[in-house]
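Here are my notes on the side-chain contacts, as promised. Have the viewer open while you read.

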Amino acid sequence: MTKKEKQVTRQRCEVYSRVVGYIRPITQWNPGKQSEYEDRVTFQSK
């Protein structure tokens, strides 16, 4: 299998996150919420 064929067989990963109390796929959010998601910063607590 060539590199090009591998790219064709991949599936899109669905990302879930919480918005307004519900965990939903980001693709189902309205454009405003999707834009806010891109601005989020994640951090690790100790």
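1. Ring pairs first: rings of Phe, Tyr and Trp (its six-membered ring) pair if their centres lie within 6.5 Å, and planes under 30 degrees apart count as stacked, over 60 as edge-to-face and the rest as tilted. By that rule there is 1 aromatic pair. Trp29 and Tyr37 make it, edge-to-face, with 5.6 Å centre to centre and 80° between the planes.

2. A word on the source: this is a predicted model, where local features need pLDDT of at least 70, side-chain atom pairs count only at pLDDT 80 or more, and totals for chains, interfaces and linings use all residues. Residues are numbered from 1 along each chain as its sequence is written, and side-chain values use heavy atoms, with hydrogens and water left out.

3. Back to the pair: Trp29 is buried at 6% relative accessible area, while Tyr37 is partly exposed at 30% (buried is under 20%, exposed over 50%, partly exposed in between; 1.4 Å probe, protein chains only).

4. Now look at Ser17, which is buried at 13%. Leaving out residues up to four places away in sequence, Ser17 touches Tyr22, Ile23, Arg24, Ile26, Trp29, Tyr37 and Arg40 (contact means heavy atoms within 4.5 Å). Both members of the aromatic pair, Trp29 and Tyr37, are therefore among the residues that Ser17 touches by the contact definition.

5. Last, the structure has 1 salt bridge (a side-chain nitrogen of Lys or Arg within 4 Å of a carboxyl oxygen of Asp or Glu). Lys33 and Glu36 form it, at 3.7 Å, N to O. Lys33 is partly exposed at 27%, and so is Glu36, at 46%.
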